[in-house]
Amino acid sequence: MRVAILDDWQDTLRTLPCFARLAGHDVTVFTDHARDDDVLARRLAETEALVLFRERTAIRAPLLERLDRLRLISQRSVYPHIDIDACTRRGVLVCSNMHADTPSYATAELTWGLVLAAMRAIPQQMAALKAGGWQTAIGTTLRGKMLGIYGYGRIGRVLAGYGRAFGMEVAVWGREAARARAIADGCTVPPDKARFFAQCDVISLHMRLVEATRGIVTAADLARMKPTALLVNTSRAGLVAPGALAAALRAGRPGRAAVDVFEQEPVPAGQHPLLAMENVVATPHIGYVTAEEYELQFADIFDQVRAYAAGAPINVVNPDALARGAAPG
């Protein structure tokens, strides 16, 4: 099959052991990012199987209608960037392993790295040292502080373990089922969301971005945080109400933030209000960007391509597409 891989920015996939699973297929790897449907339609005109890098490129109906040869989209995790109904109408099968049993340890590790970097002002201290200066700030010790985890799923539970290892009390907020799991694991659950935001010294967001969670962290929530507190977001920027975090940081509650995610990615020309703030530590959505995590994810993605080519598709999201022309084999 003709296989196209989009958005492999570091041209990494060819170096992974799992890339050999595509042997025998005609594979094209694109290492830049194209937003324009005209560009994408030209690039993918002959593509039969499309491999996506998480949510880097949106696949919507206007583009799909121009891809007459496309029969398979293979990816991993959630798919808010894919118009599933349009795929089904066009006979394009979507396969995505939801990996319910495998937390992203890479994302949890980066989250903890951002917590340490922000609370000890590590980037600012490094910049001062390289500029010929010396100590420029006083950090904050984590031991004895309260770590708040908003959304107690796979990554949140791993992060709770990191917090305990550093001597922190762990508090959790989220849906009722998540709070029940947290209590069973020995975490503190405040009586309400307001007290969760008011009491925690570090709050880390760990939820999927769906309509129910879009803007779930409001300006009022942020205003309740301590002036010494830190908000960390390695999940999705849309979990926070538009503009609320920048405004809250200017107002001094919370006093600092660490983010790995932005509303538009890549950030155009580095222009984003958070990037101009001294009390923000920011990284370019690298939570899952490790060789080990790529191998884990793309082994699944390439296996889905192989299974489809063999006539036995796996992890099918829209089985009705099979009746509309997405015949494998």
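1. Basis. This is a predicted model, in which local features need pLDDT of at least 70 and side-chain atom pairs count only at pLDDT 80 or more, while totals for chains, interfaces and linings use all residues. Residues are numbered from 1 along each chain as its sequence is written, and side-chain values use heavy atoms, with hydrogens and water left out.

2. Largest pocket. The largest pocket holds about 1100 Å³ of space. Its lining comprises 41 residues, and Glu55, Phe262, Glu263, Gln264 and Glu265 are the closest to its centre. A pocket here is an open set of points on a 1 Å grid over the protein atoms alone, where a 1.4 Å probe fits, with protein on both sides within 12 Å along at least five of seven lines; lining residues have an atom within 4 Å of a point. Points are joined across faces, edges and corners, and the volume is the space filled by probe spheres set on them.

3. Its lining by class. The largest pocket has 20 nonpolar, nine polar and twelve charged lining residues. Nonpolar means Ala, Val, Leu, Ile, Met, Phe, Trp, Tyr, Cys and Pro; charged means Asp, Glu, Lys and Arg; the others, Gly among them, are polar.

4. Second largest pocket. About 880 Å³ lies in the second largest pocket. Its lining has 38 residues, with Arg154, His206, Met207, Arg208 and Ser235 nearest the centre. The classes split into 14 nonpolar, 15 polar and nine charged. Helix 6 (154-165), helix 7 (176-184) and helix 11 (291-309) each supply at least two lining residues. Helices (H or I, at least four residues) and strands (E, at least two) are DSSP runs, numbered from the N terminus.

5. Cis peptide bonds. Most peptide bonds are trans. The bond joining Arg253 and Pro254 is cis, with omega about 5°. Pro254 sits in the loop between helix 10 (244-251) and strand 10 (256-259). The bond from Glu265 to Pro266 is also cis, with omega near -10°. Pro266 belongs to the loop between strand 10 and strand 11 (280-282).

6. Positive phi. Most residues other than glycine have a negative phi. Arg54 has a positive phi of about 45°. Arg54 lies between strand 3 (49-51) and helix 2 (61-64), in a loop. Ala269 has phi near 50°, and is in the loop between strand 10 and strand 11.

7. Buried or exposed: which is Arg54, and which is Ala269? Arg54 is buried, at 19% relative accessible area. Ala269 is exposed, at 70%. Buried means under 20%, exposed over 50%, and partly exposed in between (1.4 Å probe, protein chains only).
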